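Biologist: I am new to this structure. Please show it to me, and then let me ask about it.

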Amino acid sequence: MYFVDIKIRSSQVGKIMASSKDGTGLGETAKKYIQELFLEKEMGIKKDIWSRYFDKGRLVEKASIELANEVLKWELTPEYIHKDDQEYFENDWITGHTDICTETLLADVKSSWDATTFPFFKDGVNESVYKLNKDYYYQLQCYMWLSGHEKSYLVYCLVDTPEEILTDEIRREMWRAKSIDDDLEIEEMVRRKHNVENIPKEFRVKKFTVVRDDDVIDKIKYKVMQCRAYYDSLFEIIGNQ
């Protein structure tokens with residue numbers, strides 16, 4: 001029994017999966033994450049995580065789901081797509097908010113930053129999500145564990161960047177180029193990467209399949225227990241003078 005039975009958010013599970021160099025304990029990334037979690041839960045000190053990438057993902061989430069729904073023919077209703085709250089799950093080890101979870105469909109939708117970061121040439125049929133992005137792979141394993149699904153989908157979508165973010169990006173690129181006056185060539189270059197409606201819709205959705213693996217889920221359980229032991233140790237470490 002641990003002093004604090006912490007639960008790990010599904011989106012963060014990838015951070016705790018690597019082991020120490022001797023293969024027995026937590027890796028440094030996991031320890032750093034648990035330290036941040038400790039400060040948040042025990043002292044109310046929360047690390048602010050912000051980036052223009054996160055901002056775009058938040059602002060275009062519904063547009064990406066709409067695009068995936070149309071191209072992949074999921075037949076989700078507008079009411080489902082535009083509902084305010086994601087479905088929340090938790091068990092004894094983890095928690096999670098799913099993008100799309102119905103009786104027949106479990107999917108997580110990621111919005112690419114621009115046309116240069118979208119995986120146009122990745123093989124959506126044969127490409128391994130684990131090799132593509134380990135964090136997303138573990139996230140979907142968690143979602144299947146929480147929801148009971150045996151199969152899930154990681155879906156990348158490419159949609160237009162909101163103008164307020166795009167304006168900042170144009171300004172940033174001009175600063176990098178040390179352009180004193182507005183440079184129309186730079187603006188056109190940036191807009192071409194971010195305004196993507198001219199690209200056919202079916203080219204702007206890439207779906208990857210993840211199948212439930214109970215061995216991986218058992219490993220996640222073990223890692224969570226290691227995290228709990230380390231979390232408990234922080235009470236003593238932080239009190240030592």
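Predicted model: local features only at pLDDT ≥ 70, side-chain atom pairs only at ≥ 80, totals over all residues.

Biologist: Is R204 buried or exposed?

Modeller: R204 sits in the loop between helix 8 (184–194) and strand 7 (205–211). Helices (H or I, at least four residues) and strands (E, at least two) are DSSP runs, numbered from the N terminus. Buried means under 20% relative accessible area, exposed over 50%, partly exposed in between (1.4 Å probe, protein chains only). R204 has 2% relative accessibility, so R204 counts as buried.

Biologist: Which residue has its backbone oxygen 2.9 Å from a polar atom of the side chain of R204?

Modeller: Contact means heavy atoms within 4.5 Å. Leaving out residues up to four places away in sequence, R204 touches several residues, including F118, Y156 and E197. The backbone oxygen at 2.9 Å from a polar atom of the R204 side chain belongs to I199.

Biologist: In what order do the three strands of the open sheet lie?

Modeller: Two strands pair if DSSP finds at least two bridges between them. Strand 1 (8–9) and strand 3 (residues 94–98) run parallel, joined by two bridges. The pairing in the open sheet is mixed, and the order is 1-3-2. The edge strands, each pairing on one side only, are strand 1 and strand 2 (87–90).

Biologist: What is the bridge partner of R9 in strand 3?

Modeller: Look along strand 3 for the residue bridged to R9. The partner is T95.

Biologist: How many residues apart are E70 and K201?

Modeller: E70 and K201 form a salt bridge (a side-chain nitrogen of Lys or Arg within 4 Å of a carboxyl oxygen of Asp or Glu). Their closest N and O atoms are 3.1 Å apart. E70 is in helix 3 (residues 61–72) and K201 in the loop between helix 8 and strand 7, so the pair links distant parts of the chain, with a separation in residues of 131.

Biologist: Are K110 and D108 buried or exposed?

Modeller: K110 and D108 form a salt bridge, with closest N and O atoms 2.6 Å apart. Both residues are buried.

Biologist: Why does E188 count as partly exposed?

Modeller: E188 forms a salt bridge with R192. They lie four residues apart in helix 8, about one turn of the helix. E188 counts as partly exposed because its relative accessibility is 47%.

Key: Residues numbered from 1 in each chain as written. Heavy atoms only, no water. Polar contact = N/O pair within 3.5 Å; in protein donor to acceptor, adjacent residues only side chain to side chain.
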